Amino acid sequence: METLRRTLRNIAERDMAQDSAHDLAHLDRVWTTSQRIAETEGGDLRVLIAAAYLHDLVNLPKDAPDRAQASRLAAQAAAPHLRALGFSAPEIENTRHAIEAHSFSAGIEPETVEARILRDADRMDAIGAIGIARAFSVSGQLDRPIYDPDDPFAAERDPDDRAFSLDHWPVKLLRLAEGMQTATGRALARDRVAVMHRFLTDLAGEIGTEPPQHWNTASC
């Protein structure tokens with residue numbers, strides 16, 4: 001398995017367009033979390049490791065107009081590599097489905113245990129401590145301010161994550177736990193969302209306002 005992991009990682013390093021949120025470290029974390037979930041949920045580890053390392057093989061910017069197609073394109077790009085590595089036709093189909101269904105924007109429902117695990121593992125990387133770091137990193141690349149100084153937690157306005165980094169939390173990130181597909185994923189997500197709420201409380205104290213109780217929407 002380690003030889004396969006190194007080979008898949010090398011493919012991603014060579015072919016994947018990397019950014020601070022979608023790099024080799026992200027792939028390593030998704031694989032680690034996938035293994036943790038699979039310990040209790042089951043699943044084919046060969047399919048999971050391939051999907052974990054190739055799921056962002058086509059990585060389009062967050063604001064790209066064809067962003068919703070990225071997972072389908074990644075699945076297509078992964079297939080020749082999987083054939084070259086000796087994956088069977090059913091394994092390739094299973095891996096392709098897991099890659100296609102992992103994306104939030106693609107809107108494809110996962111139909112296999114491997115697809116459910118990969119989706120949970122990938123979304124887990126968007127919450128918790130690493131999720132906080134990734135969110136602000138991406139917003140910095142998009143030149144978006146951290147928060148609205150007049151209404152940091154969108155108490156008197158609709159959140160707009162195209163304008164402010166912190167607004168992405170109620171729009172998407174704090175809601176990811178609700179969509180976890182596995183029992184293990186839901187348990188892990190609860191802990192990670194709690195980390196984010198502690199951060200919000202600390203942030204509120206530092207900027208001299210009250211924490212956003214109206215953002216306590218994430219539940220499993």
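I began with D15, which pairs with R14 in a salt bridge, the closest N and O atoms lying 2.9 Å apart. I noted the rule: a side-chain nitrogen of Lys or Arg within 4 Å of a carboxyl oxygen of Asp or Glu.

A reminder to myself: this is a predicted model, where local features need pLDDT of at least 70, side-chain atom pairs count only at pLDDT 80 or more, and totals for chains, interfaces and linings use all residues. Residues are numbered from 1 along each chain as its sequence is written, and side-chain values use heavy atoms, leaving out hydrogens and water.

Next I checked pLDDT, the predictor's confidence in each residue, from 0 to 100. The chain has a mean of 93, and 95% of its residues reach 70 or more.

How many salt bridges does the structure hold? I found 12. One of them joins R5 and D28, with the closest N and O atoms 3.5 Å apart. This pair links distant parts of the chain, 23 residues apart: R5 sits in helix α1 (residues 2-15) and D28 in helix α2 (residues 24-41). Helices here are DSSP runs (H or I, at least four residues), numbered from the N terminus.

Then I looked at α4 (residues 70-84) and α5 (residues 89-101), whose axes come within 8 Å and cross at roughly 155 degrees. Axes are lines fitted to C-alpha atoms over the stretch in contact, with angles from 0 to 180 degrees between N-to-C directions. So α4 is roughly antiparallel to α5 (the term covers angles over 145 degrees).

Terms used. Helix = DSSP H or I, 4+ residues; strand = E, 2+ residues; numbered from the N terminus. Parallel < 35°, antiparallel > 145°, perpendicular 65-115°, else oblique.
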